[in-house]
Amino acid sequence: MQILVEPEGDSFPLMDFSPCETEASEQWDYVLAADLRTQTDPRRVQQQRQFLEELRRKGFHTKMIKDQKQVFFGIRADHSVFDLYHTLLLEPEGPARHAEQAEATAVPVTTRIRIVNFVVQKNKTSAGKTFESLVKDGVFEAKFPLHKEEENLKTWAQWRSMFRKQPVDDIRNYFGEKVALYFAWLGWYTYMLVPAALTGLVVFLSGFSLFEASQISKEICEADDILMCPLGDRSRRFQRLSDTCTFAKPPAPLSRLTSPLWPTHPLQLTHLFDNDGTVVFAIFMALWATVFLEIWKRQRASVVLHWNLYVWDEDQEEMALELINCPSYELQLHQHSYLRSTVIFVLTLLMISLMIGMAHLLVVYRVLASALCSSPALAFLEEQVTTAVVVTGALVHYVTIVVMTKANKLVALKLCDFEKPRTFSERESRFTTRFFTLQFFAHFSSLIYIAFILGRINGHPGKSTRLAGLWKLEECHASGCMMDLFVQMAIIMGLKQTLSNCVEYLGPWLAHKLRSKQASAPAGNPELRDWQRNYLLNPVNTFSLFDEFMEMMIQYGFTTIFVAAFPLAPLLALFSNLVEIRLDAIKMVRLQRRLVPRKAKDIGTWLQVLETIGVLAVIANGMVIAFTSEFIPRVVYKYRYSPCLKEANSTVDCLTGYVNHSLSVFYTKDFQDPDGIEGSENVTHCRYRDYRHPHHYTLTRKFWFLLAIRLAFVILFEHVALCIKLIAAWFVPDVPQSVKNRVLEIKYQRLREKMRERQRLGRVQMGPQPPTPTYPTPASIFSARSTDV
């Protein structure tokens with residue numbers, strides 16, 4: 001109880017030491033840095049002394065060293081602080097002898113740094129100023145733990161170690177459990193991407209092998225007599241349907257090759273990723289996401305048990321650190337305010353609406369870009385207007401993502417501060433949820449528009465939907481809407497993986513080089529030289545590891561949510577992750593100051609984020625297959641309208657005539673300005689992709705039947721995929737049986753130790769006891785009576 005009671009005077013409980021005493025054998029684990037010019041300002045010097053004196057009162061030793069530009073203050077906690085830490089975290093049901101073992105155990109460096117950092121962060125001067133406020137006043141510049149020489153980590157942070165197993169235990173002993181779990185998860189995620197990447201590559205390449213057998217592609221490429229209606233304001237002439245094959249024509253040198261990977265006649269590029277294998281691959285990815293998460297849970301349980309953190313409690317850890325910093329700390333209870341929750345909910349909805357509005361601005365850009373490209377000055381782009389608009393739109397979307405990421409982080413932080421969470425871990429969890437929600441809409445809102453809205457609200461030739469009554473809404477790519485989604489995902493994901501990795505490495509590398517050039521000459525004192533070297537490394541903050549997690553979550557979303565439109569996403573993610581692991585290792589070990597170790601037994605809220613993405617992936621892929629691809633119309637035509645239904649043994653392909661069946665007829669006399677269209681005097685009708693009547697242009701029964709089938713497919717696909725996910729989750733237990741058995745053994749051994757300890761104490765207190773009287777058993781009595789008889 002003495003630990004939890006406010007001490008008399010200024011003495012710290014359970015401590016008796018002189019603040020001026022230092023131990024030469026000990027190393028300084030933590031350093032505060034300030035500009036040397038602060039030593040000429042009496043006010044700032046006084047604030048530095050007050051801050052350090054408060055640390056000494058709490059049981060910390062300090063040491064000051066100066067160089068030509070900075071002054072450094074080394075900080076080390078007394079052993080009594082760590083004794084108190086072990087005492088506070090001692091399990092109440094544990095036997096008494098565990099306390100002796102805790103005292104004799106050496107304190108890990110990660111624990112030392114974590115405690116020192118927490119106390120420094122919470123420490124206040126007599127005027128009530130914290131370290132952050134002193135940094136704003138120019139009293140201090142930075143605080144950081146010191147890097148140590150770790151050969152295993154240096155070897156790990158090398159490019160030649162890309163395919164070697166990660167030293168997770170060494171990472172944990174140096175950076176703490178939080179960082180170690182990040183690399184363990186990232187390594188497992190990368191390993192599991194191998195089967196997904198290979199399967200996606202097979203699905204993509206199968207399109208090449210099926211080119212020759214694609215009846216639809218043959219009909220499109222041979223449809224020289226079918227004229228497509230003008231796509232809108234940018235094109236005022238008719239186009240032959242066979243011209244859409246030019247998007248898939250190989251270059252001239254390749255067209256003369258006889259390689260089976262490229263056919264000798266032109267075909268549609270869309271068939272590479274819009275084929276029957278897409279459905280199977282989407283279901284496979286739903287199963288893959290579930291198996292990946294379930295096996296990761298098993299991996300985590302084994303690792304955490306190996307670290308003796310299986311029953312560790314984060315709330316207890318934070319309360320122990322608060323008591324170490326301030327023995328009079330009062331417990332902060334959980335609170336809930338309906339008013340605050342309502343305000344936060346409304347503000348979050350407003351931000352989501354803003355994200356959706358940004359997607360609409362992208363739509364406006366694409367419409368205006370289409371109108372600009374159709375001007376006479378850019379006549380050379382007339383044939384490739386749609387491709388140019390799609391590519392530039394993807395680039396604009398990427399720039400929007402970069403800008404909105406900073407805005408989303410600021411808004412999420414403000415919402416968390418307004419909510420006033422109880423602890424740092426609770427604040428981190430809520431910030432993660434809100435920031436990811438905003439980032440999800442920032443990244444995927446335009447993809448949702450392209451997948452499910454683009455080209456579906458445009459009306460029909462002669463009566464088009466126009467933006468502000470002036471500009472016609474854009475159409476899908478000539479090869480189909482799946483082509484737009486494929487290009488958008490390929491550009492955004494490719495840019496995020498390449499540019500992000502380049503900036504992630506080159507930025508810290510250049511910053512470190514610049515800081516090193518501006519530094520003063522190295523000191524002769526080895527200790528000061530070590531502190532200078534750590535000071536010149538790039539600073540880190542609370543979001544250093546958080547940003548790495550967020551980057552991987554967004555990548556995981558791209559890999560799973562719209563994978564039906566981009567089967568190569570897992571392959572790109574695999575290559576990116578192999579580089580990402582090494583970049584993160586190099587940054588943390590060589591380019592950045594040492595991260596403050598944090599204790600953890602899981603990846604926290606990120607696991608719920610992964611599970612949410614898995615469910616969204618099932619829904620999104622089902623809708624992409626049903627509404628964006630041509631899978632459902634092809635299946636309906638094959639089993640309802642195809643020529644195979646008339647002749648059971650016909651050798652005709654069942655999709656013969658599908659192209660003509662899927663195109664509606666529009667009569668050129670119904671154009672609002674037929675004279676402005678080139679060649680309209682010789683053309684009586686044209687075709688367009690839709691299911692409408694040829695005279696009054698209303699939707700046909702085929703359209704409504706297809707819509708019913710699409711909705712039924714979405715429901716069936718989602719239920720089948722979710723059932724597979726549930727079965728896989730049930731089949732693969734979250735915790736291995738070996739871990740469960742080991743936990744049972746530990747509990748059993750603790751109970752046995754308690755029993756022996758209680759029996760020992762009972763014998764000591766009661767002293768020698770008389771022999772226990774024996775009583776005859778019923779069997780002996782019965783035996784005696786039988787003998788008497």
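Reply: Start with R430. The model is predicted. R430 has a relative accessible area of 25%. Buried needs under 20% and exposed needs over 50%, so R430 is called partly exposed.

Me: What makes R430 and E419 a salt bridge?

Reply: The closest N and O atoms of R430 and E419 are 2.9 Å apart. The cut-off is 4 Å, so the pair counts as a salt bridge. R430 lies in helix α15 and E419 in helix α14 (residues 385-419), so the pair ties together parts that are 11 residues apart in sequence.

Me: Is E419 buried or exposed?

Reply: Buried. Its relative accessibility is 16%, and the limit for buried is under 20%.

Me: Why is R37 called exposed?

Reply: R37 has a relative accessible area of 64%. R37 forms a salt bridge with D35, with the closest N and O atoms 3.1 Å apart. D35 is buried, at 16%.

Me: What makes K587 and D584 a salt bridge?

Reply: Their side chains meet at 3.9 Å, N to O. The limit is 4 Å, so the pair qualifies. Both K587 and D584 are buried. They sit three residues apart in helix α19 (residues 569-591), which means they are separated by about one helical turn.

Me: How many salt bridges does the structure hold?

Reply: The structure holds 28. A network of salt bridges links K178, E314, E428 and R598.

Me: What caps the N-terminal end of α12?

Reply: D313 does. A side-chain oxygen of D313 lies 3.1 Å from the backbone nitrogen of D315. The limit for a polar contact is 3.5 Å, so this pair is within it.

Me: Which elements cover the buried residues of α12?

Reply: The cover includes α2 (79-88), α4 (109-122) and α15 (424-452). Among the buried residues of α12 are E317, L321 and I324.

Me: Which helix gives the largest share of the nonpolar patch?

Reply: Helix α13 (residues 338-373), with seven residues. The patch covers about 730 Å² of surface, and its members include L339, F345 and F418. F345 lies in α13. F345 has a relative accessible area of 53%. That is over 50%, so F345 is called exposed.

Methods
Residues are numbered from 1 along each chain as its sequence is written. This is a predicted model: local features need pLDDT of at least 70, side-chain atom pairs count only at pLDDT 80 or more; totals for chains, interfaces and linings use all residues. Side-chain values use heavy atoms; hydrogens and water are left out. Buried means under 20% relative accessible area, exposed over 50%, partly exposed in between (1.4 Å probe, protein chains only). Helices (H or I, at least four residues) and strands (E, at least two) are DSSP runs, numbered from the N terminus. Contact means heavy atoms within 4.5 Å. A polar contact is a pair of N or O atoms within 3.5 Å; within protein, one must be able to donate a hydrogen and the other to accept it, and residues adjacent in sequence count only if both atoms are side-chain atoms. Patches are made of residues with over 30% relative accessible area and no salt bridge: like charges are joined within 9 Å, nonpolar side chains (Val, Leu, Ile, Met, Phe, Trp, Tyr) within 5 Å. Accessible areas come from the Shrake-Rupley method with a 1.4 Å probe; for residues, only the protein chains shown count as cover.
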